Amino acid sequence: MIKLVVFDLDNVLIDTETIDEIAEINGNEEQISEITLQAMQGKIPFETSIRERVKILKGISVDDIDAKMNNISLNPGAKETAAELKKRGYTIAIITGSFDVIALKVKEWIGADYAFYNTLEVEDGKLTGEVSGPLVTQNKVDVLKGLVDELGITLDECVTIGDGANDLEMIKQAKIGIAYNAKPILKEHADIQINEKDLRKVLDIMTDEEKITKEEVVEEVDAQEEVQAEEVEAKDAEAQPEEQEDAMDYSKLNFQQLLQVKRTFEAELTELKNVRDNMNENTKAFRQERDKLNQELKETLNKALEKRNERDEINKEVRKFKELRNECNEELKKSEWGSGKKEISNIQAEINKIDKTIQTKVLDIRKENELVKRVSDLTKQLKKIQTNVDDEESAGDLKEKSEEYHQKVVELSDKAQAVHEDMIESFNKIDGIREKADEKHKEFINSRNAATAKHEEVKAKLTEIRKVNKFMDQAKSSSRSRKGEGKPDETKEKEEAEEIFQKFKDGKKLTTEEFLLLQKYNIM
């Protein structure tokens with residue numbers, strides 16, 4: 001039974017992308033739209049896309065944003081649909097990767113019970129380019145799971161409505177996932193599609209679901225209680241006008257004929273009940289198998305999400321050690337060149353160049369003296385430069401630390417990759433399990449409908465038996481009224497014996513006199 005209806009916000013409750021509207025304020029809507037489209041098509045991770053887009057909004061005034069948001073309109077039928085759903089007793093929630101600046105307004109406009117959204121960080125009345133909130137790092141289905149846990153219900157009691165790739169898991173795991181004017185990736189996995197801009201279509205879907213929910217699964221009950229309930233149903237049915245034109249006219253049958261009809265009906269009733277009860281057992285088995293698969297699906301998904309979280313934590317450590325390694329390498333470069341090595345290298349290179357010139361070229365005495373003097377000056381300068389021993393020792397320590405950090409990066413990267421592969425394996429299993437669960441649910445629905453139809457046949461047969469009993473009572477009364485008309489006593493006794501035997505079959509205890517009467521006519 002559905003209890004919770006969840007709406008996405010952008011392009012579902014409102015006919016726009018909120019971040020595009022904000023981007024229009026500083027003229028960056030095209031840049032934003034391109035990143036948005038890639039995210040909605042599943043080409044880049046949602047967290048990456050939202051952080052990149054929000055950075056582009058840095059410096060926009062919150063007053064300008066508020067004025068812009070007040071002019072955004074709801075999609076057709078949004079208010080009416082939400083009001084009608086609440087009237088029918090459903091809880092309404094908004095789960096969106098959009099922002100507080102519009103989510104809180106829409107929550108109030110449609111009277112939603114819950115809203116989950118991201119928050120644009122503000123400083124001195126302007127956006128900082130940073131964003132926070134549950135939908136930055138979490139998938140929408142994670143937020144949905146937290147909500148259903150809070151409400152004490154299950155995902156099998158939820159309807160979700162979305163349009164983009166970031167709605168995918170929420171759509172796939174709910175009892176009913178609706179793709180509203182959605183991207184192809186979402187339509188492929190949704191249970192139902194709405195391809196026109198009218199949220200009132202959601203009400204049609206919910207009405208159909210309510211009809212299905214009202215169909216009760218026929219369960220095995222205590223035999224005595226079942227008989228009593230069925231007799232009440234038969235009495236109610238008997239009070240209704242007969243609809244079958246070719247129904248048997250019991251008024252034309254005598255007591256013996258009615259008795260034979262009743263026995264035939266009772267045999268047919270027993271067979272119908274046996275068939276119905278077998279159907280009920282099949283229905284129960286299908287439900288148990290479906291629930292088992294849904295539990296396996298839930299456990300597999302939880303495992304995949306745990307692996308994803310574990311991988312992300314390991315990757316945080318990888319980034320930390322990479323930063324430490326890079327810091328060591330930078331310090332190492334500064335230490336090596338700061339110790340005078342670079343200057344010594346440059347001076348020695350110049351000396352070598354001058355020596356080669358003196359040895360290989362014919363120079364006049366003045367030019368040669370100048371070069372010799374330059375070599376002398378450089379040699380003196382070289383002697384003055386002393387390599388700092390402490391710097392060299394420090395460089396050695398930095399090299400050792402850099403190597404340690406690098407080794408840690410390698411180890412953790414391998415570990416993260418192994419966990420990532422486990423996560424992918426679990427995600428790959430999910431689709432297969434979900435397909436089996438969906439098939440078993442269909443078998444459950446078909447079996448339930450068949451059992452319900454067979455139960456209607458049982459009720460109809462009970463109604464006929466009740467009618468026969470009524471005409472049998474009338475036939476007996478008529479027989480007694482003709483007692484003074486000279487009817488043979490033996491015939492009356494035999495009919496009385498038949499009546500006693502019928503009551504005996506219904507559970508009545510016999511007196512000795514009644515038992516002897518049955519023996520007299522060889523009825524027992």
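In strand 3, which residue is the bridge partner of A93?

A: In strand 3, the bridge partner of A93 is Y114. This is a predicted model, in which local features need pLDDT of at least 70 and side-chain atom pairs count only at pLDDT 80 or more, while totals for chains, interfaces and linings use all residues. Residues are numbered from 1 along each chain as its sequence is written, and side-chain values use heavy atoms, with hydrogens and water left out.

The setting comes first. The chain contains 18 helices and seven strands; these are DSSP runs numbered from the N terminus, with at least four residues of H or I for a helix and at least two of E for a strand. Seven strands form an open sheet with mixed pairing, in the order 4-3-2-1-5-6-7; two strands pair if DSSP finds at least two bridges between them. At the edges are strand 4 (126–132) and strand 7 (192–194), each of which pairs on one side only. On average, neighbouring strands of this sheet are turned by 25 degrees against each other, direction ignored. Such angles run from 0 to 180 degrees between the N-to-C directions of axes, which are lines fitted to C-alpha atoms, for helices over the stretch in contact.

Strand 2 (residues 91–99) can now be followed on both of its sides.

Strand 2 is mostly covered, since eight of its nine residues are buried. Buried means under 20% relative accessible area, exposed means over 50%, and partly exposed lies in between (1.4 Å probe, protein chains only). For the chain as a whole, 38% of the 524 residues count as buried.

A helix also meets this region. Helix 6 (residues 100–110) lies across strand 2 and strand 3 (114–123), and runs at about 160 degrees to strand 2. Helix 6 also packs with helix 4 (residues 62–69), at an angle of about 35 degrees and with the axes 10 Å apart. Their crossing is right-handed; a crossing has this name if the near helix is turned clockwise from the far one by less than a right angle, and is left-handed if anticlockwise. Helix 4 supplies I65, D66 and M69 to the contact, and helix 6 supplies V101, I102, K105 and W109; contact means heavy atoms within 4.5 Å. These residues divide into five nonpolar, no polar and two charged. In this division Ala, Val, Leu, Ile, Met, Phe, Trp, Tyr, Cys and Pro count as nonpolar, Asp, Glu, Lys and Arg as charged, and the others, Gly among them, as polar.

One value places these contacts in the wider chain. Among contacts between residues at least 6 apart in sequence, 68% join residues at least 24 apart.
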